[in-house]
Amino acid sequence: MFGGLESIPNNSPHLRKSGSRPVVFDIGTSELGNSSEEDHLLSLESNEMKGAAPPLSSVAIIPSPLLLWRFKVLLFLIWGFSCCKIGWDSVMRMSADLRDLFLYEAFLYYNPLLLVTMMVWLWGINLWVFVQSNIGYAKIFDLDQSHLTHREIWKCATWMTIIVPTSMTAYLYLYSHGEVSLAASQPVLLYAAVLMTLIFPFDIFYLSSRFFLLRTIWRIVFPLQAITFADFFLADIFTSMSKVFSDLERSVCRMVHRQVATIAWFEADSVCGSHSVAIPIVLVLPYIFRFFQCLRQYKDTREKTSLLNALKYSTAVPVIFISAIKYHVFPDKWTNIYRPLWLLSAVLNSLYSFYWDITRDWDLSCFTRTFKFSKPHILSHLLYGRKWVYVWVIGSNLILRCTWTYKLSAHLRHNYLTVFTITALEMLRRFQWVFFRVENEWNKTKSNIQMSMIDMPNEEEELLNSNGHDV
């Protein structure tokens, strides 16, 4: 009537779906009148009677999301099979006496990034559960509107899952076929790509999230300001990844000294060998950072709990350094003096950490609401309100806290597959720790908000009464 666009109801016959998105045919405006609309309908009917199809320009051809998903899964399976086949054939080409040494070196370069990839997948699952349970993790971590969702986390993990094993397969293939220099470049290029992705200053690859991560790491290393929940939460995760950082240091050391794809590093007393003093130093750094965070928190709050927490992290220091002493003392001295001290410090650290998890980090006074989803889900039915969940969490946390000292001890790290398995289990322990720790913090946040809302009317009433007003 006034020359505007005509509103079209949702059940209009002119709305069609091609794939998963609605497509609207161009039916003109109300200025054409009813006669033009009738002519348009008659032309469509005549075309259908003649067997003519509508023009392709009016229909968006979009494949089904289910079809796309199946195609991606098929490509992923083909890629995984190809990597396994090429890697296996490459390893079998080598002589038996060099095979274990070669696998140990390849494993050293790539297992840290594989474990980081696993941690990213698990963090995505954590966020998905928080979303389903209506836990405001964004408010707890003080995240902005552009923070990564669980889907974006999984997308990053998917690319990491593809890139890291592909680089490892290329390393195995090139080395087994005599291309040593090209093989040595594979882990170097991968590490350089990861570093550039983290520090890339342009607005791509989730710049705000990368900046938040780097800023939090900076605050962990230099706790010169008040400690936030995100600061000590990430620092706690770093303590579970201390073995990852140690292997990263050894890998970078061999790259800097050009010992990749060589046997020069195999000498235990070399600068990048298994007896290097840098190994215990890197292992202990996450605990030192967390220790100083607790001291900073005590300075700000004067809570004695922070000092007790600092004591907990300090108990990991003797476990690490006494283990490293083995390579620098006589065997009988290690057996009679240092090994009993190491066992005592390991037991103390494990039990203290377990006690702190149960009584401080978690709130087990009532059934956890983490797995109470807002919508019906089989996972919520299996986990919410089940007593076996608490039995499993407490029992597995105790066992993995004890085996956790294995990866901190340099003299027990000869079997790289065993150490890799224990490190992966420690990350799974930290994965389940995250659920209860974040829920505990969310409960505290909600109670503080409720208390502030209760106090606000009282403050307003006092203000009005002081001015002589009646409500």
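User: Which helix gives the most to the nonpolar patch?

Analyst: Good place to start! This is a predicted model, and in it helix 6 gives the most to the nonpolar patch, with 5 residues. The patch is formed by Val194, Leu195, Met196, Leu198, Ile199, Leu213 and Leu214, which together have about 550 Å² of accessible area. Helix 6 (180-199) and helix 7 (207-221) are the elements that give two or more residues to the patch.

User: Why is Val194 called partly exposed?

Analyst: Val194, which lies in helix 6, has a relative accessible area of 35%. Buried means under 20% and exposed means over 50%, so with 35% Val194 falls in between and is called partly exposed.

User: What makes Asn134 count as exposed?

Analyst: Its relative accessibility is 53%. The cut-off for exposed is over 50%, so Asn134 passes it. You will find Asn134 in the loop between helix 3 (96-132) and helix 4 (137-140). The phi of Asn134 is near 60 degrees, a positive value in a residue other than glycine.

User: And what makes Arg258 count as exposed?

Analyst: Arg258 has 76% relative accessibility, and exposed means over 50%, so Arg258 counts as exposed. Arg258 lies in the loop between helix 9 (242-256) and helix 10 (278-301). Its phi is near 55 degrees, again a positive value in a residue other than glycine.

User: How do you know that Lys85 and Asp89 meet in a salt bridge?

Analyst: Look at the distance between their side chains: 2.6 Å, N to O. A salt bridge needs a side-chain nitrogen of Lys or Arg within 4 Å of a carboxyl oxygen of Asp or Glu, so this pair qualifies. Both residues lie in helix 2, 4 residues apart, about one turn of the helix. Lys85 is partly exposed at 43%, and Asp89 is partly exposed at 34%.

User: Why is Arg401 called buried?

Analyst: Arg401 has a relative accessible area of 5%. The side chain of Arg401 meets that of Asp357 in a salt bridge (2.9 Å, N to O).

User: Where does the largest cavity get its lining?

Analyst: Two or more residues come from each of helix 8 (229-240), helix 11 (304-314), helix 13 (331-361), helix 15 (387-408) and helix 16 (416-466). Helix 13 gives the most, with 4 residues. The cavity has a volume of about 90 Å³. Of the 14 residues that line it, the closest to its centre are Thr239, Lys312, Tyr313, Ser353 and Arg401. The lining divides into 5 nonpolar, 3 polar and 6 charged residues.

Definitions and conventions. Residues numbered from 1 in each chain as written. Predicted model: local features only at pLDDT ≥ 70, side-chain atom pairs only at ≥ 80, totals over all residues. Heavy atoms only, no water. Patch = residues over 30% accessible without salt bridge, like charges linked within 9 Å, V, L, I, M, F, W, Y side chains within 5 Å. Areas by Shrake-Rupley, 256 points an atom, 1.4 Å probe, with all protein chains shown as cover. Buried < 20%, exposed > 50% of the residue type's maximum accessible area, 1.4 Å probe, protein only. 1 Å grid on protein atoms, 1.4 Å probe; cavity = no way out; pocket = protein on both sides within 12 Å on 5 of 7 lines; lining within 4 Å. Points joined across faces, edges and corners; volume = space filled by probe spheres on them. Nonpolar A, V, L, I, M, F, W, Y, C, P; charged D, E, K, R; others polar.
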